[in-house]
Amino acid sequence: MIDFELTGKQAQVKELVHQFAMGVIRPMSLQADKDHRIPDDFMERMVAMRTMMSVGEVPQEYGGEGAGIGATPDKKGKTQKNRFAMIAAEEMAWGDISVLLSLPGPGLGGPPVQFTGTPEQRERFFSVFKKEGLHWGAYGLTEPGAGSDVAGIKTSCKKDGKHWILNGRKCFITNGGRADWVVIFATVDPIQGRAGHRAFVVEKGTPGFSCGKIEEKMGIRASETAELVLEDVRVPDENLLGGEEHYLKGKEGFMAAMKTFDSSRPMVAILGTGIARAAYDYTRDFVRENYVLARPIPRYAQLATTLADMKRLIDASRLMCWRAAWMADEGVPNAKEASMAKAYAAKAAMKVCSDAVQIMGAHGLEQHQFVEKWYRDIKVFDIFEGTGQIQRIVISKRILREMPNF
Ligand SMILES: Cc1cc2nc3c(=O)[nH]c(=O)nc-3n(C[C@H](O)[C@H](O)[C@H](O)COP(=O)(O)OP(=O)(O)OC[C@H]3O[C@@H](n4cnc5c(N)ncnc54)[C@H](O)[C@@H]3O)c2cc1C
């Protein structure tokens with residue numbers, strides 16, 4: 001049975017992270033957006049404080065915090081780590097989304113290494129994050145011409161003795177330019193579709209592997225989004241995730257790419273909800289100061305209704321995210337519920353941020369102010385990690401599959 005009441009420890013984590021987001025992250029949010037970067041000394045402080053709340057975590061067995069601070073096993077031996085991670089992530093996104101996406105750590109590259117890598121590969125690639133300094137991992141799937149159509153990737157991999165030769169281009173890769181390593185998805189033969197996919201870890205500095213342009217974006221500007229170029233990149237056999245036998249089973253390379261999303265989609269959904277809540281909190285205070293306290297006028301009734309709608313959308317989004325997280329903690333397959341949370345929360349958050357601008361009138365459009373920034377930041381939540389349309393395809397396929405005799 002799902003219980004939505006926060007435990008004492010969860011409430012403590014929520015309060016702690018909220019104070020941190022309010023006192024440390026929010027004050028630098030607008031400047032980072034203006035500069036299109038988060039200063040290194042700020043990142044170093046975050047690492048020193050062990051704030052490893054990036055979207056992908058270094059698992060505890062490899063010296064990291066693991067997803068979900070404070071997620072120690074309960075009486076039944078279950079950790080609730082996804083629920084803890086949800087609570088903390090919403091508060092961090094409330095502070096600033098680009099900071100969260102830029103935090104050192106494996107990022108989205110973590111899940112394929114964790115799920116598909118051999119124990120030796122996990123140790124080798126996660127141990128990077130134990131070293132001094134700032135270290136990132138990244139996830140390289142998208143290509144020009146292959147975004148939603150994941151099966152259509154063209155980056156090629158050809159066997160050459162004890163190496164593979166990779167050629168191709170990846171685009172829109174979060175933290176791609178500064179990552180110590182990137183999980184690159186390539187194909188032995190595009191005709192084979194999903195069965196041809198292989199997942200490699202390509203390390204920074206490998207000859208032929210370079211960073212192309214850094215994208216200028218409408219939103220989440222302080223989060224790095226990079227193009228990656230692979231020209232005759234020689235990658236040793238040991239960097240093929242899971243080893244060659246792993247791929248003889250069929251679509252294992254493709255599955256390595258997709259499995260990432262079961263864990264990341266509810267997380268991305270709650271991040272959007274965190275931004276929506278930030279916009280709601282800000283607007284609610286604006287309404288209270290400018291209308292309720294200063295000049296109560298009939299228009300207030302309309303504003304109050306809009307505020308009520310905003311709050312309703314935020315709470316519904318959070319409940320869907322928590323359900324998907326609860327299922328993951330219980331070991332119940334959650335692909336449908338993860339996609340439902342992602343599809344719903346993204347649209348709900350866009351509506352909330354748009355309403356926030358509307359309520360604030362011209363002030364809502366002022367450049368380099370919070371509400372304008374959140375309005376720009378939120379759009380990508382209906383695009384990355386699978387667009388809204390793709391989520392609907394996932395949901396409908398699962399619904400039909402669940403029908404008897406289908
Ligand atoms: C800021 C940012 C960060 C990103 N980070 C990463 C990253 O770290 N790693 C990575 O690999 N990728 C990353 N991406 C890429 C992202 O995952 C893709 O942008 C996304 O999958 C959509 O692909 P696309 O942009 O090529 O759009 P397209 O696939 O070209 O889609 C265009 C439109 O067509 C619709 N559409 C496409 N196919 C269908 C269909 N079958 N049915 C109905 N509608 C359809 C889409 O929903 C969309 O509205 C990032 C993108 C952004 C913007």
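Which residues line the largest cavity? In this predicted model, the lining is made up of Val268, Ala269, Gly272, Thr273, Lys342, Ala345, Ala346 and Phe381. The structure holds 1 cavity of 30 Å³ or more, and the space in the largest cavity comes to about 40 Å³.

In terms of residue class, 5 of the lining residues are nonpolar, 2 are polar and 1 is charged. Lys342 sits in this lining alongside the aromatic Phe381.

Attention now turns to the ligand. The ligand is surrounded by 19 residues, and the closest of these are Tyr139, Thr142, Ser148, Phe172 and Thr387. Sorted by class, this shell comprises 10 nonpolar, 7 polar and 2 charged residues. Domain 2 (136–250) and domain 3 (255–402) each provide at least three residues of the shell. As for secondary structure, at least two shell residues come from each of β3 (163–174) and α11 (388–402).

The side chain of Thr387 places an N or O atom 2.5 Å from a ligand oxygen, while for the side chain of Ser148 the corresponding distance is 2.6 Å. Leu141 takes part through its backbone, where an N or O atom lies 2.9 Å from an oxygen atom of the ligand. Taken on its own, the ligand has 980 Å² of accessible area, and the protein covers 65% of it.

Methods: Residues numbered from 1 in each chain as written. Predicted model: local features only at pLDDT ≥ 70, side-chain atom pairs only at ≥ 80, totals over all residues. Heavy atoms only, no water. Near = heavy atom within 4 Å. Polar contact = N/O pair within 3.5 Å; in protein donor to acceptor, adjacent residues only side chain to side chain. Areas by Shrake-Rupley, 256 points an atom, 1.4 Å probe, with all protein chains shown as cover. Helix = DSSP H or I, 4+ residues; strand = E, 2+ residues; numbered from the N terminus. Nonpolar A, V, L, I, M, F, W, Y, C, P; charged D, E, K, R; others polar. Domains from an automatic or database assignment. 1 Å grid on protein atoms, 1.4 Å probe; cavity = no way out; pocket = protein on both sides within 12 Å on 5 of 7 lines; lining within 4 Å. Points joined across faces, edges and corners; volume = space filled by probe spheres on them.
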